[in-house]
Amino acid sequence: MAFELPKLSYAYDALEPHIDARTMEIHHTKHHNGYTTKLNGAVAGTDLEGKSIEDILENLDMSNAAVRNNGGGFYNHRLFWEVMSANGGGTPDGAVGAAIDEAFGSYDSFKEKFSAAAGTRFGSGWAWLCVHKGGALEICSTPNQDNPLMPGSGCEGFPILGLDVWEHAYYLNYQNRRPDYVSAFFNVIDWGKVNELYAANK
């Protein structure tokens, strides 16, 4: 079964003023849709056809650029939309809140470290919060459309929060002010969803 562009659970303008409607619409209908279409083309007629995106990425031949780039682009954006909401922001509670405090000392310290991962990623890429088996957390970043599921990514664990720091994710509103975009992201994080992903993958 072919991969499909996921529908968003909120309107394109729902995350304003933090992420503007025009950026959301272009990002979803053009960029994510493009990765989805090209991923389907890359796996069609191969032994990857019919497999889940997680299975494809976890066992990826990293020299397969078409699947690496487009599979990563498909998966990464799907997670990105899921971990944001119009009612997001605030301080994480529940199990992931406790795990953040244990791993990083405080939520403020987590924000500082996550912002640094996003801000210092040269060029295009992603910042991640990942959970290890047992519940420990790690912050890391990857270039381009790579992600922690891929072999040798330099990240360990399962991604439960991802921030897109490609310029297409923020340039219409923030231009070259990536730190302002990263700061705004904390106002739209859906910590309920992050808690769900944490519980399911620890």
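Q: Within what distance must a side-chain nitrogen of Lys or Arg lie from a carboxyl oxygen of Asp or Glu for a salt bridge?
A: A salt bridge is counted when a side-chain nitrogen of Lys or Arg and a carboxyl oxygen of Asp or Glu meet a distance cut-off. The model discussed here is predicted. The cut-off is within 4 Å.

Q: What is the N to O distance in the salt bridge of Glu-54 and Arg-78?
A: The pair links distant parts of the chain, with Glu-54 in helix H2 and Arg-78 in helix H3, 24 residues apart. Glu-54 is partly exposed, at a relative accessible area of 24%, and Arg-78 is partly exposed at 23%. The side chains of Glu-54 and Arg-78 meet with an N to O distance of 2.8 Å.

Q: Which residue forms a salt bridge with Asp-180?
A: Asp-180 is partly exposed, with a relative accessible area of 38%. Its salt bridge has the closest N and O atoms 3.0 Å apart. The partner counts as partly exposed at 36% relative accessibility, and is Arg-177.

Q: How many residues apart in sequence are the parts tied together by Cys-140 and Cys-155?
A: The structure holds one disulfide, and it joins Cys-140 to Cys-155 with an S to S distance of 2.0 Å. Cys-140 lies in strand S2 (residues 137-143), while Cys-155 is in the loop between S2 and strand S3 (158-164). The pair therefore ties together parts whose separation in sequence is 15 residues.

Q: Is the disulfide of Cys-140 and Cys-155 right-handed or left-handed?
A: Both cysteines are buried. The torsion about their S-S bond is about 125°, so the disulfide is right-handed.

Q: How far from Cys-130 is the nearest cysteine sulfur?
A: Cys-130 counts as buried, at 0% relative accessibility. A disulfide needs two cysteine sulfur atoms within 2.5 Å. Cys-130 is in no disulfide, and the nearest cysteine sulfur, that of Cys-140, is at 4.1 Å.

Q: What is the strand order of the open sheet?
A: The sheet has three strands with antiparallel pairing. S2 and S3 are the edge strands, each pairing on one side only. From one strand to the next the twist averages 25°. The order is S2-S1-S3.

Q: How many bridges join strand S1 to S2?
A: S1 (residues 125-131) and S2 run antiparallel. They form a hairpin with five residues between them, and Gly-134 in the turn has a positive phi of about 105°. Gly-125 stands opposite Pro-143, and Leu-129 opposite Ile-139. The number of bridges is seven.

Q: At about what angle does helix H8 run to S3?
A: Helix H8 spans residues 191-201 and lies across S1, S2 and S3. Of these strands, S2 is mostly covered, with six of its seven residues buried. The angle of H8 to S3 is about 150°.

Q: How far does helix H3 reach from its first C-alpha to its last?
A: H3 (residues 65-82) has 18 residues. Its buried residues include Val-67, Phe-74 and Trp-81, and helices H1, H2, H7 and H8 are among the elements covering the buried residues of H3. Its reach is close to the expected span at 1.5 Å a residue, and comes to 26 Å.

Terms used. Residues are numbered from 1 along each chain as its sequence is written. This is a predicted model: local features need pLDDT of at least 70, side-chain atom pairs count only at pLDDT 80 or more; totals for chains, interfaces and linings use all residues. Side-chain values use heavy atoms; hydrogens and water are left out. Helices (H or I, at least four residues) and strands (E, at least two) are DSSP runs, numbered from the N terminus. Buried means under 20% relative accessible area, exposed over 50%, partly exposed in between (1.4 Å probe, protein chains only). Two strands pair if DSSP finds at least two bridges between them. Axes are lines fitted to C-alpha atoms, for helices over the stretch in contact, and angles run from 0 to 180 degrees between N-to-C directions. Contact means heavy atoms within 4.5 Å. The expected span of a helix is 1.5 Å times one less than its number of residues.
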